[in-house]
Amino acid sequence: MTTAHTLHAQNLTVGYGTRTVVQDLDLRVPMGGISVIVGANACGKSTLLRAMSRLLAPRGGQVILDGRAVHQTPAKELARTLGLLPQSPTAPEGITVADLVGRGRHPHQGLFSRWTPADDQAVADALTATETAALADRPVDELSGGQRQRVWIAMALAQQTDILLLDEPTTFLDVSHQLEVLDLLTDLNRSRGTTIVIVLHDLNLAARYADHLIALTDGQVHALGTPAEVLTEETIRAVFGLDSRVVVDPTSNKPLMLPLGRHHTTVER
Amino acid sequence: MTALQALPRTGISAAEIAGGRRRRTARRRLVVGILAALIVVAFVVSLCVGQTTYTPGDVLGVILGRDIDGASFTVGRLRLPRATLAVIAGLCFGIGGVTFQTMLRNPLASPDIIGISAGASAAAAFAIITLGLGATQVSIFAIVAGLGIALLVYGLSFKDGVVGTRLILIGIGIAAMLDSLTAYVLSKAAQWDLQEASRWLTGSLNGTRWSEVVPVVIALAVLAPVLLTQSRNLSASQLGDDAASALGVRVEHTRIIVIIAAVGLIAFATAAAGPIAFVAFLSGPIAARIVGPGASLLIPSALVGSLLVVTADFLGQYAFGVRYPVGVITGVLGAPYLVYLIVRTNRSGGSL
Ligand SMILES: Nc1ncnc2c1ncn2[C@@H]1O[C@H](COP(=O)(O)OP(=O)(O)OP(=O)(O)O)[C@@H](O)[C@H]1O
Ligand SMILES: [Mg+2]
């Protein structure tokens, strides 16, 4: 059961070279639901996900999964519980969809161990869930951006982790495909109980799909709570430096953010 | 672990996935089998055929230690060590080359293009011609130089991560410098010897002795299994460092093991046979064409390398009336492919 896990960043400090990106961050990731991380470009969202999944060693503090620091957990063991789909993965030239999705089974396989029926089942399920089954034998380089994105998600699903972190899985997708991906992740969360953490730029989609919304500024958690608690005009001003109106979305009863630019605005800023 | 409850949509079954995978594995096995058989044939032919031709029976007799008039010397002392080195060095070049190409995600990033073979060759030429050392010391010289050059090229091209094209261009520059170093060492040699020169500049198997073959066999027996254990990690790291780490690959760890093992294989083979031109560079792409995408190329590429060297050496000796060293033949094959790759990179808007 996924709610049996705990994932907790304590006093986490991470950076590159001489610069610190995330400073003394504390975050207890809510388990069993969908958490969406929002924040301005370069505020450290990807950096936080990379630190949580052992890709970046912390300068200070630690990330604790089930009572154990992730940097002390063997890489493959961690990869069976916690998955990450990075912002820009690369597909090897000519690889087919089924093969790429099969790479998701890596943490479940030994050095020379043979491919098991469980591996095949996981790949089949992942292709089916992402509706990419029809593409199984196609080379990934020949797919459209949206199809490719779903294939990468399928790879992450084939990893069968209880916690899945996704860094901007909806970039390159048109609005209906964005919804499709988020619906798919919601299905996964509801049917398997997978804890899902997504970085998103579209605040309104974030508010609609998040059980928990996390707003980051300058490598710090500015606010964490339900969309109604977090997506307020004050928070948006603090996090994005943007004036806006927040109303209730009649189609979902979630908050809906209407940005106020310098032009084309009929209300007072 | 929770099993994914198949959502009721148009899907694919595990059996279909398994079927597709089995077809690919079967194709790979077939390719490996055919390549291995071809190597055996080429090996036997190059033992039997030559100025004087012996029957396979005679050759087998010599291998089993029987004393056969004429054949014992020609086959046992001349052809056998030479053909064995051709097979073994080809395996080393093939597997070492594809390892680099896979790791750096670029077919141009093979050790014979980016200066590693050139470094090993310059060091070996220096150790033999200037210092007069024996086979073991020569191998040590070559591997230290190969690793040193690998580090140097990597270090010089490092700036917020290593960009493939920068590494390749720096490697090509360093390779050119090392080639001129080799030429300098050769020009200072007491007795100028064309055979020796062609060995260190393009690779040659002329006058191979068992004492030169043995270190390469040992290197292959030790280092090839090390590379094979990294095969899956290497495939996963093709997805990019982040995605690979997220799949549980220790990327840096894998990279270090793989570089040391591949450079070791290239250096040992080069210390014995010289930098046989373009074998490391050609084997991987040829293997990829035959095997198809997605499969691990380490073994197919090793076999392609071996077949290339054995065949090219045989052709070089007997096909043209004049005897050419093996590297001249492989060079003629490889150069057009190099030009093709560079043209293609330019067309596709690569930054090369
Ligand atoms: N590999 C790296 N080396 C050096 N600096 C980096 C590296 N990756 C990110 N940074 C820097 O760290 C800061 C935070 O980057 P990060 O990728 O975490 O931002 P982000 O919130 O994900 O932004 P975006 O919304 O644009 O994806 C940025 O200033 C960026 O320039
Ligand atoms: Mg990012």
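Modeller: Start with a pair. Arg82(B) and Asp313(B) form a salt bridge, with the closest N and O atoms 2.7 Å apart. The term requires a side-chain nitrogen of Lys or Arg within 4 Å of a carboxyl oxygen of Asp or Glu. The pair links distant parts of the chain, 231 residues apart: Arg82(B) lies in helix α3 of chain B, Asp313(B) in helix α13 (residues 298-318) of chain B. Helices here are DSSP runs of H or I, at least four residues, numbered from the N terminus.

This is a predicted model: local features need pLDDT of at least 70, side-chain atom pairs count only at pLDDT 80 or more, and totals for chains, interfaces and linings use all residues. Residues are numbered from 1 along each chain as its sequence is written, chains are lettered from A and ligands numbered from 1 in the order written, and side-chain values use heavy atoms, without hydrogens and water.

Biologist: Is Arg82(B) buried or exposed?

Modeller: Buried means under 20% relative accessible area, exposed over 50%, partly exposed in between (1.4 Å probe, protein chains only). Arg82(B) is buried at 10%, and Asp313(B) is buried at 4%.

Biologist: Which residues are linked with Arg255(B) in a network of salt bridges?

Modeller: Side chains of opposite charge can pair when their charged atoms come close. Here the network joins Arg105(B), Asp241(B), Glu252(B) and Arg255(B). Within it, Arg255(B) meets Glu252(B) at 3.1 Å, N to O. These two are about one helical turn apart, because three residues separate them in helix α11 (residues 251-273) of chain B.
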